[in-house]
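Please look through the sequence and the model shown below before turning to the notes that follow them. The notes are grouped by topic.

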Amino acid sequence: MQNDLNTAQIRDWHSIFTLILFVFANIVVLVPFTVPFPFPRFLVDAARSLLVVLRVLPPRDPQSGPVTCGIQQSKQPSKVIREGSATVRRGPGALLLWYRLPVNFITGPLLAVLLLLATKSIGRVEVHDGTIGANNIMPLEVLAFFITLAYIAISVDASGLIRYIAFKVLQKGGGHGRRLFLYLYAFFFALSTCIGNDPIILSGTPFLAYMTRISRNIKDPKAWIYTQFAVSNVGSAILVSSNPTNLVLAAAFEIKFIEYTANVIVPVIASTMVLAPFLLYVLFRDDALVPPSIELHVLPEEARRKIPVNPNIPNARGQADDNEDMAMLEEIMNPYLDKSGAIFGSVIMAATLITILVLNASTPIRHQHPVYWITLPAACIMLCWDLTFGWLHRKQTRDIARAGSKVSAPPGERDTVALREIDTGQRQRQSTIDPQQSFEPRDSDTSDAVDGQPKTSAVSVPQKLLRKRTTDTLGLHCDVPPPPAKPTATASHYTVPTTLVSLVAGAWKWCRETFPTATAVLASLPLPLIPFALCMFILCQSLVTKGWVGVFAYGWDHWVSRTGPVGAVGGMMFVSILLCNFAGTNIGTTILISRVVQAWVEIHANTSGDPISQRTFWATIYSMAIGVNYGAFSTAFSASLAGLLWRSILARKNIHVMGWEFMRVNCPIIAVATIVASAVLVGEVYITRSTAAYAGM
């Protein structure tokens, strides 16, 4: 560590290049973009032909004529068009395909790490310490703990418990708008404290979107959705297990979980109590946002008597687009609840958290085992429960899924469903096509048009299926014309082979219909967090070895030596909240600041100057803990992965939140919450901490 504090090495070009790429990796999290790149078309053709031979992809329909890379060959002059994710040139002169590579919070940090390795700016030490761990920060252990605990929490959510309790809160609030607002505020805060903010975002956001839509007098949902997002992030600051940022911080400074909670709970609850009336009577005081009384549409008695359907089953509600508002009303006023799954999941979650807290509090820091040793078996038990429950009820869930699939599929797409059944082996593997055979057209077929001409019965159903299959598989959405309507004199035979793609698609469909809860939970796990967090750990470790963390540590030391504990609280709150928006979400901010504070402690350990006082050190640590949680609802969606998830869920519910509006609404919220929490934390550290020297970790 002493060598890492050598700030003279920042003049080396490797150090400068490392800092540039670290900044780049954080910028792309804030502002993702795409990079176009050309690819020779003959290579794409050759690769696709090889995959067809290997039975990975299905062959193209021979009836549709020669198609190259999803582009039909034509004698017309070439022209540039955009299809799907590729910008291509049609015609004989098209030699290149232009694709767009997304550079986002996953690929950006990964690209930065690969460039550092390619230029030998970093090596084995940085990669090892950034993944296996160094200085008490063990990335793999942190991620294993968070992912396994997230499975339990999301499984509880998938049982319908959160939405059912929210429905009961809605009933309790009755028609009183402000009382319902406070009830939901307290509900989301308490729940995020126990299970974290991700399940609240996953389940609470759609609930509020539906509730505000079926209300007659809520003109704008922003009061409800912004309050839910803010309070769920505030509540996740209390327990170490509620947020991965808390895990990183507690591990970095060897803080017992119960001690962490005891030190942050008072400032967090104080800011929560002040924030509620501020939101209700100041920021969202307009009656159009939170009306004195809420008028909800009444659910018909017939719909109320319906047995709720598990929303995790694919196509569970069938053709819900005919009356979307009624479907939303049913989902809120007649929610699904798997009682056995909810009870079992709640017991597993409570037992896991209690076991973690008890063992962490009773075991000395130096002899503690990784906490994922507790959460991993618990997650496996929960997974076994979900799989067993799904298998025992497989006939019922499969019937619901298949009935809903038939109802929800438009008439023009039911043939595509039939083709998928062929691919998955549910029909005969080989189909014989007789162009002389024609089929009676449906009303929907004769009413549609292709290229301005009405469809006729001379186009056989299998030919239409195969044509759709070509475009769906390639994903380029080519305008392949239909085969000639005039039948030929000779019969042709075409085999629809079973491929790896069809096998995987069929297997996933079978799993979703047989194990709906388990597959829904697995699909909702924050797995993109793993590559992002590991790359950010490696990049931060690169800053340590290149001397930049030492520079930041000396700067922090100069600040606190002049401002004391009050400056430590205010400065760290400001820096941590600011960096959440510009340093790779609050996870990247926690990793970076933890390394800086560790270097700051090392500076004083290696010098004979004034030691760090207990009061100043713990003021720094707990202000960072609160700041990285509060920073998630500040000025940018990318301040946290939960913010990106929240925005995407709202967009799917036709609620589009602009970046400038997100910043404008959240700025007063974060200002009030930060000021209150900082004031209470300053008083707390002056009461509970002495001026004795901090002995180190």
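**Briefing on the predicted model**

The buried residues of α14 pack against α5 (139–158), α6 (161–173), α7 (177–195), α11 (257–283) and α15 (372–392), where helices (H or I, at least four residues) and strands (E, at least two) are DSSP runs numbered from the N terminus, and buried means under 20% relative accessible area, exposed over 50% and partly exposed in between, with a 1.4 Å probe and protein chains only. This is a predicted model, in which local features need pLDDT of at least 70 and side-chain atom pairs count only at pLDDT 80 or more, while totals for chains, interfaces and linings use all residues. Residues are numbered from 1 along each chain as its sequence is written, and side-chain values use heavy atoms, with hydrogens and water left out.

**Overall make-up**

- The protein chain has 27 helices and 10 strands, and 50% of its 697 residues count as buried.
- Among contacts (heavy atoms within 4.5 Å) between residues at least 6 apart in sequence, 81% join residues at least 24 apart.

- The buried residues of α14 include Gly341, Ala342, Gly345, Ile348, Met349, Thr352, Leu353, Ile356 and Asn360.
- Helix α14 (residues 339–362) has 24 residues, which at 1.5 Å a residue should span 34 Å, and its end C-alpha atoms are 34 Å apart, in agreement with that value; the expected span is 1.5 Å times one less than the number of residues.
- Glutamine 228 lies in helix α9 and is buried, with a relative accessible area of 1%.
- The side chain of glutamine 228 makes a polar contact with that of threonine 205 at 3.2 Å; a polar contact is a pair of N or O atoms within 3.5 Å, where within protein one must be able to donate a hydrogen and the other to accept it, and residues adjacent in sequence count only if both atoms are side-chain atoms.
- Not counting residues up to four places away in sequence, glutamine 228 touches residues including Phe188, Leu208 and Trp646.

**Nonpolar core**

- The largest nonpolar core has 158 residues, and those with the most contacts inside it are Met211, Trp224, Phe617 and Trp646; such a core is a set of buried Ala, Val, Leu, Ile, Met, Phe, Trp, Tyr and Cys residues joined through side-chain atoms within 4.5 Å.
- This core draws at least three residues from each of domain 1 (1–55 + 97–121) and domain 2 (139–395 + 523–688), with bounds that come from an automatic or database domain assignment.
- Leaving aside neighbours within four places in sequence, methionine 211 is in contact with Leu170, Leu180, Leu184, Ile218, Trp224, Leu296 and Ile332.

- Tyrosine 210, in helix α8 (residues 197–213), counts as buried at 10% relative accessibility.
- Tyrosine 210 and methionine 328 are 118 residues apart in sequence, yet their C-alpha atoms are 5.7 Å apart in space.
- Valine 657 sits in the loop between α26 (641–652) and α27 (659–688), and its C-alpha atom is separated by 6.9 Å from that of arginine 647, 10 residues away along the chain.

**Cysteines**

- The count comes to 0 disulfides, a disulfide being a pair of cysteine sulfur atoms within 2.5 Å.
- Cysteine 540 is buried, with a relative accessible area of 0%, whereas cysteine 667 counts as partly exposed at 34%.
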